[in-house]
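Reader: Could you walk me through this one? I'd like to start with the pockets and then move on.

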Amino acid sequence: MRRPTLRSAALTATALLWLIQPAAAATAERTSFPRLELAEADASGQRAIDLLGSRLDEVAAWYRRSPQAFREMLLRDPLMRLDRHGRLYAVDELEAPLIAPAEEASLAATATPTTLDKTFKLHSLKGAKRMLYLDFNGATLTGTAWNSNGNTLTAQPFDMDGNPGTFSDAELERIQYIWQRVAEDYAPFGIDVTTQEPAADKLTRASTDDQIYGSTVVITNNSGVYNCSCGGVAYVGVFDNVGDFYKPALVFWNMLGPSGEKYVAEAISHEAGHNLGLSHDGNATSGYDTGHGSGATGWAPIMGAGYYQPVTQWSIGEYSSANNQEDDLAVIAANGGTLRKDDHGNTTAKATPLTVTANGVTLTVSGQGVIEQRGDKDVFSFTAGAGPVSITVSPDSRAPNLDVLAKLIDVNGTLLLKSNPVDALGATLSFTLPAAGTYYLLIDGIGFGDPLTNGYSDYASIGQYKISGTAPAP
């Protein structure tokens, strides 16, 4: 199986430079995009720079980048292109469609998030002000940047069995697993990843004062929709735009497996990432970095090619020969993907009590949460008697972004035990409590190995987790 690479990638030593605007400017509401009418569309590289001419500085500023950084991005990445109005979009070309007959058989056998009749009612953060709608049902596109000359595009529904008119149980199951993977990637943000079509006023931003909005990713066949050998296409930095002209992003299931669970999910997170302002993570020889490492901790950047490694995370360009050091988490936040509110206290004084169920002399303890950012730590408390305790902290069961460090602490703040297995992302604490009393469980995201060669830092070791275990009754 051939891995995707950028065609004719222009990579130079200066491509390592990535500058974004100062923080104050990056978070401010943008003014209107400059009015442009370029001599041609679909321009990239030096030709795109030449077409922008003296207007490049204005366009770069709208994308919250310095002029130098914007030029470097265009030069190093030929798949970042300008339309006739100077808007930036990504065409994620593949050398060939991704075909992996054994891919799905290798996935962990876990239950679907909910019953199949609720497949199109899934929400990761119901009630959030921002939404990412995953449209598997097909769509009719009119009046968008993807339409030309007033044409209408008919996007076919997601399909695995050659019958696009109905969804089989296998297709519904696949959709739930894809949603679960994308929900994990966006769990640190205040974004509801949903398969339920939102009302227009919940998705379309009416004005800059409107704080309830989002974007759509249509998962479809590219036939008759977009002529390319690509996994998807998306405009850059339009998540918080007023109106929907530069939406939706498009992901093409027929190029990805076809309809492969991991392939489609990675493409959705990647194209949505473009909507949220991100460009590609490449290296000195390729426009898409395919990652490094192996086993359960094999890693790749979401904005590279995350198809081949189990751990895919947002990146700050810490791997060897990275050509893009943009801070993914900061860029997403600046483009409308605000961080999720912290759900648990960071200290023993602000600890959340674990849910406890008594069963004779044994307590069953449980809990859940999200590590939202690098500095976040979640602390839980429980009261138990003397004797053996065993607590497991499990990250997302399908596609975890979080590598767990768990610590057991006594009421005096003394560390009794910590766990971070080198060959797994979850952690288990097994210990004999010396006396009855209150104890604390601290959960943190941690890195693995060397980010340059075989691992990752704790930069984006963030995401969902669940707690389960037993302890002696007091």
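Reader: Which elements each supply at least two residues of the lining of the largest pocket?

Author: This is a predicted model. In it, the elements giving at least two residues each to that lining are helix α5 (169-185) and the strands β7 (191-194), β16 (362-371), β18 (387-395) and β23 (463-472).

Reader: How much space lies in the largest pocket?

Author: About 620 Å³. The lining has 29 residues, and those closest to the centre of the pocket are Gln180, Gln368, Asp396, Gln464 and Lys466.

Reader: And how does the lining of the largest pocket split by class?

Author: There are 14 nonpolar residues, eleven polar ones and four charged ones.

Reader: β16, β18 and β23 all turn up in that lining. What is the strand order of the open sheet?

Author: The order is β15-β16-β23-β18-β21, five strands with antiparallel pairing. At the edges are β15 (355-359) and β21 (427-433), each of which pairs on one side only. On average, neighbouring strands of the sheet are turned by 15° against each other, with direction ignored.

Reader: What holds strands of a sheet together in general?

Author: They pair through backbone hydrogen bonds, in either a parallel or an antiparallel way.

Reader: Changing topic to helices. At what angle do the axes of α2 and α4 cross?

Author: At roughly 140°, for α2 (residues 45-52) and α4 (residues 67-76), and the axes come within 7 Å.

Reader: Why are α2 and α4 called oblique rather than antiparallel?

Author: Roughly antiparallel needs an angle over 145 degrees. The crossing is at roughly 140°, so α2 and α4 count as oblique to each other.

Reader: Which residues make the contact?

Author: From α2 they are Gly45, Gln46, Ala48, Ile49 and Leu52, and from α4 they are Phe70, Arg71, Leu74 and Leu75. By class, six of the contact residues are nonpolar, two are polar and one is charged.

Reader: What is phi of Ser259?

Author: Near 60°, which is a positive value in a residue other than glycine. Ser259 also lies in the loop between β11 and α7.

Reader: Last topic, cavities. How many of 30 Å³ or more are found in the whole structure?

Author: Three. The largest cavity holds about 110 Å³ of space. Its lining has 14 residues, and the closest to the centre are Asp92, His270, Tyr288, Gly304 and Tyr307.

Reader: Which element has the largest share of that lining?

Author: Helix α7, with four residues. The elements that give two or more residues to it are β9 and α7. By class, the lining of the largest cavity has six nonpolar, five polar and three charged residues.

Reader: And the second largest cavity, how much space is in it?

Author: About 80 Å³. The second largest cavity is lined by 14 residues, with Trp299, Ser315, Glu318, Tyr456 and Ser457 nearest its centre.

Reader: How do the residues of that lining divide by class?

Author: Eight are nonpolar, five are polar and one is charged in the lining of the second largest cavity.

Conventions. Residues are numbered from 1 along each chain as its sequence is written. This is a predicted model: local features need pLDDT of at least 70, side-chain atom pairs count only at pLDDT 80 or more; totals for chains, interfaces and linings use all residues. Side-chain values use heavy atoms; hydrogens and water are left out. On a 1 Å grid over the protein atoms alone, a cavity is a set of points where a 1.4 Å probe fits but cannot get out, and a pocket is an open set with protein on both sides within 12 Å along at least five of seven lines; lining residues have an atom within 4 Å of a point. Grid points are joined across faces, edges and corners, and a volume is the space filled by probe spheres set on the points. Ala, Val, Leu, Ile, Met, Phe, Trp, Tyr, Cys and Pro count as nonpolar, Asp, Glu, Lys and Arg as charged, and the others, Gly among them, as polar. Two strands pair if DSSP finds at least two bridges between them. Axes are lines fitted to C-alpha atoms, for helices over the stretch in contact, and angles run from 0 to 180 degrees between N-to-C directions. Angles under 35 degrees count as roughly parallel, over 145 as roughly antiparallel, 65 to 115 as roughly perpendicular and the rest as oblique. Contact means heavy atoms within 4.5 Å.
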